[in-house]
Amino acid sequence: MAVQPPRTLRALLTEIGPVDQVGIEERVAKYTTRSIKKASKVQALKLAVSMVDLTTLEGKDTPGKVASLCLKALHPHDDPTIPSTAAVCVYPRLVKHAKKLLRNSPVKIASVATAFPSGQAPLETRLAEVRAAVEDGADEIDMVISRGAFLAGELALVQDEISAVREACGPATLKVILETSELETYDNIRAASFLAMRVLRPGDFIKTSTGKTSSNATLGNNQVMLDAIRDFYLETGTPIAMKPAGGIRTAKQAIQFLIAVKETLGDAWLNNARYRFGASALLNDLLRQLAKEKTGAYQAPYSFTEASGSY
Amino acid sequence: MTRLPITKTPKCYVGGAFIRSESGRVYAHNDSAGAFACNIPLCTRKDLRNAVETAAKAGPGWSKRSAYNRGQILYRIAEMLESRAGEMSAALALTGASPTTAAREVRASIDRAVHYAGWTDKYESLLGSVNPVSTPHFNFTVMEPMGVIGILAPEEAPLLGLLSMVLPAIASGNTAIALASHSQPYPSILLGEILAVSDLPGGVVNLLTGKRADILPTMATHAHLRAVYAAADKTERTEIQRGAAEHVKRTVFIHSETPCDWFEEKAQGPYQIRHFLEAKTTWHPIGA
């Protein structure tokens, strides 16, 4: 017999309505059948480039690696018509190194904070990490929620923590990582989305995953969150932004995600203030497909810079 | 009670799996008497693109295997072909080869696999060298595989011709994508089934079927293919060279205007392997 979700969670689900799992999966399966070609494909690819949060989150990251990542974010390719990416995403210790290169540039600096990726540190420590990152120059903070508390039904605790982090952010944009793979059901993802959105400011993000677990952003959980954003927007008028992260490696996938945005939230969300991709390998594939569209010949992946190691 | 015939759906062997063309298209394949035999996938440039991706993924693993192990696997191909020799002969006879000719082509194909199985750990000592230099250095030239090789197999000798082009490419650690004979595709379908059980890692050999005109331009221009090995006529050769020039791709041709004897000794050997090798020379100081 299935375990009943905690009472608080059931109450929230009654209020916001559950998710039709079969319906969601059927719907997202159709996104993969759209035919996007030629000029519209080029437009979608360039839009996707401008939405990338170019990410490196590894224990072996160094200031040098972050520097090359920043340069790549500023000028992804020789082609001047290709925009720079939306942001780079690094660990808090490396924010000041990124700041040196990205000061006065359109590329923002995002930093994961709050004991990423587990979030298992005392709240005071997490808030101190957020404040330090913002002080070093981070424009955006990616926080993780306490999944354990959420699943145990301590929803008020989770929400209070998000509020506390939001306060600590000051002017910086906040992105709340739900870590969908650990929430286990679409219902929980929807509930967590609402929980976060109710304490966020317009323009703050909800984000699927850390990229550190086995399963990351999928069209399915992306759709559940987009639906939640739409319902919340219609109800309150507050536009919340969205960032799927992890597992989006190919241009084809990125276009499918954009189709989901277009068909769920409309053109207002098709810009990098409202939608982002948290990715490392994706950028190179986008550039590769843009080069293919330009030259007509399929390109080899090694013709595109790999700054170092992992991306 | 009569039993309904269970006919096989021919599928292409790509990435260790059996695929239909992404286009969903097929072409009818008739036997020598003109009767319908089966539908063969009509692969497109997108199938080629997908095959290149999977071949590129398989490359590092295949080239890192020891030369001896690659030899064992190539020999295993011969073993598997031997055990299905009857079926393969029947496949060749489908398009008109006499039973004797078909059996001879299968035998020669098995021998060819054994031939290249022997070469995998020997060509290096023949083609590589230790070079005399006037400074206190050891100077070596070692042979390394190029990467992903595109192959356009000849129309005739649908098994022997195909294998004679694929085997020397993969013997050194390259991976290959081959377009099989358009008029006699069925032996390549069967060959895929044989390769699938030959311990050959998925993606090392990828066999497509379809029209040359659909595949050739993309094979010529695809930057990820490091070389094209083609049995081609004058017009096709020109087109391949034009496309290959953009990314400085190596081209190796078999002129299809002149009949090629695939059975002869000249159709095999280490110099076929050398077509798809890159020479790397290193200087190593001799101890002070």
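The lining of the second largest pocket divides into six nonpolar, 10 polar and five charged residues (Ala, Val, Leu, Ile, Met, Phe, Trp, Tyr, Cys and Pro count as nonpolar, Asp, Glu, Lys and Arg as charged, and the others, Gly among them, as polar). Of its 21 lining residues, A:Thr55, A:Gly211, A:Gly246, A:Ala279 and A:Ser280 lie nearest the centre. A pocket here is an open set of points on a 1 Å grid over the protein atoms alone, where a 1.4 Å probe fits, with protein on both sides within 12 Å along at least five of seven lines; lining residues have an atom within 4 Å of a point.

This is a predicted model, in which local features need pLDDT of at least 70 and side-chain atom pairs pLDDT 80 or more, while totals for linings use all residues. Residues are numbered from 1 along each chain, chains are lettered from A in the order written, and side-chain values use heavy atoms.

Now turn to the largest pocket, which has 41 lining residues; A:Thr250, A:Lys252, A:Asp285, A:Gln289 and B:Arg49 lie nearest its centre. Its lining comprises 12 nonpolar, 12 polar and 17 charged residues.

Finally, look at B:Ser21 in chain B. With 6% relative accessibility, B:Ser21 counts as buried (under 20% relative accessible area, with a 1.4 Å probe and protein chains only). Its side chain makes a polar contact of 2.7 Å with the side chain of B:Asp47 (a pair of N or O atoms within 3.5 Å, one able to donate a hydrogen and the other to accept it; residues adjacent in sequence count only if both atoms are side-chain atoms). The B:Ser21 side chain also reaches the backbone oxygen of B:Leu42 at 3.1 Å.

Key. Buried < 20%, exposed > 50% of the residue type's maximum accessible area, 1.4 Å probe, protein only.
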